Amino acid sequence: MNIKQMAKALEELDSTAREGFDFDYQIIPGDEEVLQISLLGREEIPVYLTKTDTQLLCISYLWDESEIKAESRTQMIEMMLDMNIPMPLSSFSRIGDKYAVFGALSLDSSAKDIAHEVVILSNNAIDAIEVMSDFLK
Amino acid sequence: MSLLKKIFTAVRGGAREAGESIVDANAIRILDQEVKDAETHIAKAKQDLTTVMAKEMQSNREIERLTKQIKEYEGYAIEALNKGDEALAVEIAEKISTIEPDLAMQEETKVSFSAHAKRLKDLVKKTERQLNEHKRQLTMVKTTDSVQKATAAISDNFTNSNSKMMSASESLQRIKQKQKNFDDKLHAAEILDSENSDTSLDTRMKQAGIGGNISSANSVLDRLKAKKGA
């Protein structure tokens, strides 16, 4: 499945598979094609889906370095490490100066698996921002 | 330096020019080539292995044949001796002595083929491990590259649409506000629903003549008459 086919397959799922969320899709062109999936009501923190040679990556960007209170930065990073395993299906990461949560899926994942991952990732992203908002300006 | 270390170093290098890839295309090309080379090596080694193993089997068959032959002639020689034909026994023994060097040679060849086959099997295993390692490294490099490019594309998309990327706290507040609006609407709808059902209940009760305060022209008239009579 390429990115476009994935969007189509996700849309064709019944809403139970999307766990009650409506998805909105936008393909972002570039060197690497990215599918932006916005969950209705949570448009501010979309999930981005990218396909690499070996895996599907779902990424939600949390905040960048400039948003972190300098004095809490270490504490924040430690908390991310502590939460990495308990947090279901997603992990913390950093890309450039942007912190993110991400989940990796195998290339032969079904649309249902992808939808589940997207919803879980979105939940995790919102939880993470809520839990760590004290570390942010 | 291990590739993972290289990636670490590059990432740590910090601020990079926009669009500049963390992984240079050359490194990917070299790794790709190494993977291809390793695959060619494995294919070649496997082909060699088949040939060597076939030769090993041939040797085994030859050894079996010669051993059987020697045994046969030994039987004949003993038979000749039993019959007291010493001269024939010597002749047969001579025949055996010409076969034995062949057997020895075949056994040597077999040992050499077996050793060769083992070396090739080891080589295939080693190369397969190497191939997997290269593939793993290539995955790391390519994934790093993909994620960087994807992030750049997402950032560009934001810049092009003139929308500012909101801060995490702002985003969360907005999402929560939306959730609250939704909850409020849902709650309001519930209240409305229950009010509607209350009204309809009253109506149905009235129709059935149940419940207090049921005033009708007749009941008012009765009341007035009672007052007048008092």
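Let's start with one residue: S97(B) sits in helix α3 of chain B. Helices here are DSSP runs of H or I with at least four residues, strands are runs of E with at least two, and both are numbered from the N terminus. S97(B) is partly exposed, because its relative accessible area is 41%. Buried means under 20% relative accessible area, exposed means over 50%, and partly exposed lies in between, with a 1.4 Å probe and protein chains only. Now pair S97(B) with A25(B). They are 72 residues apart in sequence, and 68 Å apart in space from C-alpha to C-alpha.

A word on ground rules. This is a predicted model, where local features need pLDDT of at least 70, side-chain atom pairs count only at pLDDT 80 or more, and totals for chains, interfaces and linings use all residues. Residues are numbered from 1 along each chain as its sequence is written, chains are lettered from A and ligands numbered from 1 in the order in which they are written, and side-chain values use heavy atoms, without hydrogens and water.

Chain B as a whole, then. How many helices and strands does chain B have? Five helices and zero strands. Along the sequence the pattern reads α-α-α-α-α. Chain B has 230 residues, and 23% of them are buried.

The negative patch is formed by D85(B), E86(B), E91(B) and E94(B). Patches take residues with over 30% relative accessible area and no salt bridge; like charges are joined within 9 Å, and nonpolar side chains (Val, Leu, Ile, Met, Phe, Trp, Tyr) within 5 Å. Lys and Arg count as positive, Asp and Glu as negative, while His and the chain ends are left out. Each charge is placed at NZ of Lys, CZ of Arg, CG of Asp or CD of Glu. Areas come from the Shrake-Rupley method with a 1.4 Å probe, and for residues only the protein chains shown count as cover.

Look at E86(B) in that negative patch. E86(B) belongs to helix α3, which covers residues 86-160 of chain B. E86(B) counts as exposed because its relative accessibility is 52%.

The positive patch is formed by K121(B), K125(B), K126(B) and R129(B). K121(B) is in helix α3 of chain B too. Its relative accessible area is 39%, so K121(B) is partly exposed.

Next, salt bridges. The rule asks for a side-chain nitrogen of Lys or Arg within 4 Å of a carboxyl oxygen of Asp or Glu. The count over all chains is 17 salt bridges.

One of them joins K178(B) and E43(A), with the closest N and O atoms 2.6 Å apart. This pair crosses between chains: K178(B) is in helix α4 (residues 168-207) of chain B, and E43(A) is in the loop between β2 (34-39) and β3 (47-51) of chain A. K178(B) is partly exposed at 29% relative accessible area. E43(A) is partly exposed as well, at 35%.

Now K142(B). It forms a salt bridge with D53(A), and the closest N and O atoms are 2.9 Å apart. K142(B) lies in helix α3 of chain B and D53(A) in the loop between β3 and β4 (55-64) of chain A, so this pair joins two chains. Is D53(A) buried or exposed? Exposed, with a relative accessible area of 52%. K142(B) is partly exposed, at 23%.

K142(B) also meets D32(B) in a salt bridge, at 3.8 Å from N to O. That pair links distant parts of the chain, 110 residues apart, with D32(B) in helix α2 (residues 25-82) of chain B. D32(B) is partly exposed, at 24%. There is a network as well: shared partners join E43(A), E44(A), R174(B) and K178(B) through salt bridges.

Over to chain A and its helix α1, residues 3-12. I3(A), M6(A), A7(A), A9(A) and L10(A) are buried there. They cover an arc of only 165 degrees around the axis, so they lie on the same side of α1(A). The arc is that of the directions from the helix axis to the C-beta atoms. The face turned away from the buried side carries the exposed K4(A), K8(A) and E12(A).

Last, the backbone. E19(A) has a positive phi, near 55 degrees, and is not a glycine. E19(A) is in the loop between α1 and β1 (23-28) of chain A. E19(A) is partly exposed, with a relative accessible area of 37%. L89(A) is not a glycine either, and its phi is positive at about 65 degrees. L89(A) is in the loop between α2 (73-84) and β5 (91-95) of chain A.
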